[in-house]
Amino acid sequence: MQTLFRSLFKSRAEAIAFGIFILFIFVIFPLTMPIFRLNLVGKYLTYGFVGVGLVLLWGRCGVLSLGQGVFFGLGGYCMAMFLKLEASDPVTTAIQSTPGIPDFMDWNQLTELPWFWEPFKSLPFTIFAIFIVPGIIAFFIGWALFRRRVGGVYFSIITQAIALIFSLGIDGNQGYTGGRNGITDLRTLLGWDIRSDNAQFILYFVSATLLVLVAFSAKYIINTRLGRVLVAIRDREDRVRFSGYDVAMVRSFIFAFAAMVSGLGGAMFVLQVGFMSPSIVGIVPSIEMVIFTAVGGRLSVLGAIVGCLLVNYGKTTFSEDFPNLWLYLMGGTFIAVVMFFPNGLAGLADKIPMLKPYASKWLNRNKQEPAKAPNTPSSNPVSDEP
Amino acid sequence: MFEGYTAEELQSIFIMQGFSGLSLFSVLLLMGLGLALIFGQMGVINMAHGEFMALGAYTVFLCSNLTHKYAPAFGPYYFICAIIFAFFICALVGALVEWLMIRHLYHRPLDTLLATWGLSLILQQGYRSIFGAREVTPTLPDWLMGSYTLKEGLDIPINGVFVLGLSIIVTAALMLFMYRSKFGLRLRATVQNRKMSGAVGIHTQQVDRLAFAIGCGIAGIAGAAFTTIGSTGPDSGSRYIVDAFLVVVGGGTASLLGCIASAFGIAQAQSVLEFFLDGTKGKVATLLVIVIALMIRPQGLFPSKVRGN
């Protein structure tokens, strides 16, 4: 237990912050919010999966992918295909000219299910695909690029182009993917109505639990030797390579991990929102996911999740009341964060100099070894910008 | 995909699509030149480049409105002045952006990408508030309209030829400027070795600012050229930005020749494929080919031979 704790948290403050977060999402939100709002929070939390992936990939490994929406979308589409097949059984689709295939295929004069839809009739395969499809694609892209030492802005531009290709490709093949409308009208999961309040409530908890598990695994990676190698690659790539590490492999692995986590987020998104469309996977949503992470803190797993919650909450409330102001505010916040607080809210929380001495004194009052005292809340040596 | 066409029809289709591809080529080239100048110079990715293009287009629109309101007699000639205006306004705004934002972020290239994306959000919303969400078109002078018939079934639009001429002039001017002027010399020196250039007395910050301003100015000209082939909306610029990036990356970042070659390839492929494959498939196919090519040959067509410092 002690070692597990050590391998997850650097300091007690981090553990407390995590505890408060868990208290909020598992107790306070479900108790105080009506189911509609809770469902929205659940939706925001699914972006948190992408955020966690970006913390590892961008914050720790120094590779900014502007195509995380693709992997979010791949996971989401896998889930949506399964749900859509379940929703279009021959009985409910009897009025179609070909019963038993999804409605948009019927509208596009398809007479049989395309081959790549067939395996999604099985739930175990779907769950497998949610992880494996984004993971393999990301690993392949990453391996092709990192092996040729493509990094920095090149990687960002190429991943952005991939996001454009993916969203346009879905858009253009209406008969196979549902086109611009996406895959809609998803009703049940193995006969269980996912649109009922009760199901929404349970799915929120499933989603939140998975997110916490993902966050813990990311923290685990950060605190292992792999995590240190990541930071080393970010700060001095050539030295790590000369020391004998396979930089391309490490980066591809992290890229694939981030993609798998994003895919899981996409699947949870579909379960809670009930549809999937290309508007959620293109260039703009992909960059927005980077914004959430940047605002929350690109180095901090918890920060990124909180960033996703806060920015999305702001987006929902502001764009309801002042749709025109929202984009100014979003753009302005983003510029301000990038220019003045590159480590986001989490970096800001670390830098409250007035409270820090008191906080560390209080937090370490029980600690035996005084030698460890300076290594407190967040004098996190690796978190400084290079 | 070629079944059902006779050889003669195919020839006409290729020539017609080739010419409409030339308009796209011109816009992509102008966009790409500006981006390449900025990226090659400072390693800065300007995500707001598309919005600078839209700014140029809106400048032409405003000039058109003002001319037709106050000096209708000047109508046939305003367009030339509007292009020059578009250049200077965009360059001015570019210099301002460089001074306010970019110069603080030079050592963090990934962050400039994000900050300029924030800027592009603000600019887009700004256009939406000022000019409205609907697309606008300036009144073009008569001599730009119509087309020139080479032979039966083969029409060449005059605006396409004009835009092509404009982009050739701008490219030539930029090349002269880069390789024959004193400023160009300083700029190339700074790209090759920033510290050494500073040591021999080149004001590298000033060079950066001017390079950024000129890059944005060329985006303004791209916007002016764009008004002759399409109508301008708040998000017109962002539709071209990914293509423009691929032009720059595909050409090999610091090479003007590579930029021209890849703009030509991308525009022609897109234009011809769009005719034979319906809807967005032509664009998807083009982008896919470029991305796969970049995975195999990430240094682009004409990689720069200068070692990074």
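Analyst: Buried area here is the accessible area, taken with a 1.4 Å probe, that two parts lose on being put together, summed over both. The model is predicted, and every value below is computed from it.

By that definition, the area buried between chain B and chain A is about 3600 Å², and carbon and sulfur atoms give 81% of it. On the side of chain B, the residues that lose the most area to chain A are B:Leu114, B:Trp117 and B:Met295, which together make up 19% of what that side buries. In terms of contacts, 40 residues of chain B meet 42 residues of chain A.

Between chain B and chain A the count is 1 salt bridge. The side chains that form a salt bridge across the two chains are those of B:Asp111 and A:Arg298, with N to O at 3.2 Å.

Three helices of chain B, namely H4, H9 and H11 (281–296), each supply at least two residues of the side that touches chain A. H4(B) gives the most, with 15 residues. Sorted by class, the side of chain B that touches chain A holds 27 nonpolar, 7 polar and 6 charged residues.

Helix H4 itself can be checked for its length. It runs over residues 109–131 of chain B, and its 23 residues should span 33 Å at 1.5 Å a residue; the end C-alpha atoms are 32 Å apart, so the two values agree. After H4(B) comes B:Gly132, which has a positive phi, near 85°.

B:Thr232 sits in the loop between helix H8 (204–227) and helix H9 (236–251) of chain B. Buried means under 20% relative accessible area, and B:Thr232 has 1%, so this residue counts as buried. Beyond its neighbours within four places in sequence, B:Thr232 is in contact with B:Ala54, B:Ala57, B:Tyr58, B:Arg134, B:Glu135, B:Val136, B:Phe226 and B:Thr227.

Further along chain B, B:Asp235 forms a salt bridge with B:Arg239, and the closest N and O atoms are 3.5 Å apart. B:Asp235 is partly exposed, with a relative accessible area of 31%. B:Arg239 is also partly exposed, at 46% relative accessibility. In chain A, salt bridges with shared partners join A:Glu237, A:Arg241 and A:Arg251 into one network. A:Asp235 forms a salt bridge with A:Arg234, with the closest N and O atoms 2.9 Å apart. Of these two, A:Asp235 is partly exposed at 32% relative accessibility, while A:Arg234 counts as buried at 17%.

B:Arg209 and B:Glu98 form it, the closest N and O atoms being 2.8 Å apart. B:Arg209 lies in H8 and B:Glu98 in helix H3 (residues 78–100) of chain B, so this pair ties together parts that are 111 residues apart in sequence. Over all chains, a search of the whole structure finds 17 salt bridges.

B:Val207 also lies in helix H8 of chain B. With a relative accessible area of 3%, B:Val207 is buried. Apart from neighbours within four places in sequence, B:Val207 is in contact with B:Gln41, B:Phe183, B:Arg186, B:Leu187, B:Thr190 and B:Ile202. B:Val207 and B:Gly300 are 93 residues apart in sequence, and their C-alpha atoms are 26 Å apart in space.

B:Leu273 is found in helix H10 (residues 256–276) of chain B. B:Leu273 is partly exposed, with a relative accessible area of 21%. B:Leu273 and B:Leu119 are 154 residues apart in sequence and 34 Å apart in space, C-alpha to C-alpha.

To return to the part asked about: carbon and sulfur atoms give 81% of the area buried between chain B and chain A, and H4(B) gives the most residues to the side of chain B that touches chain A.

Notes:
Residues are numbered from 1 along each chain as its sequence is written. Chains are lettered from A and ligands numbered from 1 in the order in which they are written. This is a predicted model: local features need pLDDT of at least 70, side-chain atom pairs count only at pLDDT 80 or more; totals for chains, interfaces and linings use all residues. Side-chain values use heavy atoms; hydrogens and water are left out. Helices (H or I, at least four residues) and strands (E, at least two) are DSSP runs, numbered from the N terminus. Buried means under 20% relative accessible area, exposed over 50%, partly exposed in between (1.4 Å probe, protein chains only). Contact means heavy atoms within 4.5 Å. The expected span of a helix is 1.5 Å times one less than its number of residues. A salt bridge is a side-chain nitrogen of Lys or Arg within 4 Å of a carboxyl oxygen of Asp or Glu. Ala, Val, Leu, Ile, Met, Phe, Trp, Tyr, Cys and Pro count as nonpolar, Asp, Glu, Lys and Arg as charged, and the others, Gly among them, as polar.
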